[in-house]
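Please examine the sequence and the structure shown here before reading on.

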Amino acid sequence: MLWDSLWINVHLATMVDGYGEIPDAAIAVKDGKIAWLGKRVDLPSHAQAQSIHDGQGCWLTPGLIDCHTHMVYAGNRSNEFEARLNGVAYEEIARQGGGIISTVKATRAATETQLMQESLPRVLSSMREGVTTLEIKSGYGLDVATESKMLRVARQIQQNMPIRVTTTFLGAHAIPPEFAGRADDYIDEICLHMLPAIVVEGLADAVDVFCEKIGFTSAQTERVFQTARQYGLPVKLHAEQLSDQGGAALTAKYQGLSADHLEYLSDEGIAAMRQQGTVAVLLPGAFYFLRETKYPPINALREAGVPIALATDCNPGTAPMTSPLLTMNMACTLFRLTPQEALQGLTIHAALALGLQDILGSLTLGKQADFALWKIARPADLAYSIGGSPCFVSTFSGEIRRF
């Protein structure tokens, strides 16, 4: 037996059944996948590896998965941050042409090269904190040319960086200025022209909608979902962030991967998500940044057995953050998740939210060898500390990156 690489002198948090701790362990990689793992004393005597790495008694977890980001965009909205602190509501900023539309203007004007240059520092920041998989949404183009441009850049990030990227078409993020007052016509444009063009280029792995009073109605959302189903694309939803629009239940009706935000989630929505296996993705960074006071129904989600994932929601308007570790801390301090739940939210449950649970999210035989190695005393430290990153090595399909 000849493995490509072998990591010894590590403590494993496999994320199978809680933390799934295996102290004083070893893990082997072959062809980019996990070929063996267990206690170091149980290593097969005849096993050999082309390279052997000493983990220095550190903790090794699955690579973190940031399952909801808007990481590809141009421009800056610190002026809106200042306006909100001066008392202007987010909804009012959006109605005045700010919010998403201001980023749309900047993103439409940017070239693919400029978008890549602006986005890469955000990606690198995530990677330094152990992220090995990113979901990246479009949604700042609102026309077929710019939406395609954003998704092409997201694909190029995976081609040029040791990180896995899944792409989500979010054309129904806002109503573009040229369709002002004609939301139904814009939904026609998405369903009849934009989404088919995206599919032809193979640019999207999923489809998302912003279902909200300042976004799109449940009926308009369902039209997009129906079109996505025609093309065999899974759906997800920005749901119940500012009000209860029944979006979570609608997502579950279409066997959606996830419903995200969920501050105003109802009991009916929870029941529908539980029945269909739709993941709840919580975004504490946006909750914090908008100074929201309505908490997601954490206890009800727990009691229903709905998987809870976490993500940064990296975006220029409501969550300009790239840190999964700060996201974990916020989830614990603001939402009262346990550190174990927080780490599950960025590993095994985040993989489920992307439909990648068969290849990612836990340290399991046959899954991709995406790891993060941490200089910490125990897994709970990842949600405990604020500032800095204890990640000093990560692997992507076995490829090593040191920080």
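Which residues in helix 7 are buried? Gln220, Thr221, Glu222, Val224, Phe225, Thr227 and Ala228 are buried in helix 7, where buried means under 20% relative accessible area (1.4 Å probe, protein chains only). The model is predicted, with local features requiring pLDDT of at least 70 and side-chain atom pairs pLDDT 80 or more, while totals for chains, interfaces and linings use all residues. Residues are numbered from 1 along each chain as its sequence is written, and side-chain values use heavy atoms, without hydrogens and water.

**Helix 7**
- Helix 7 spans residues 218-230, helices being DSSP runs (H or I, at least four residues) and strands likewise (E, at least two), numbered from the N terminus.
- Its 13 residues reach 18 Å from first C-alpha to last, close to the 18 Å expected at 1.5 Å a residue, where the expected span is 1.5 Å times one less than the number of residues.
- The cover over its buried residues includes helix 6 (183-201), strand 8, strand 9 (236-239) and helix 8 (247-253).

- An open sheet is formed by 4 strands in the order 5-6-7-8, with parallel pairing; two strands pair if DSSP finds at least two bridges between them.
- Strand 5 (64-66) and strand 8 (206-209) are at the edges with a single partner strand each, so one side of each lacks a neighbour in the sheet.
- Strand 7 (residues 164-172) is joined to strand 8 by 3 bridges, and Ala172 stands opposite Val209 in strand 8.

Technical notes
Buried means under 20% relative accessible area, exposed over 50%, partly exposed in between (1.4 Å probe, protein chains only). Contact means heavy atoms within 4.5 Å.
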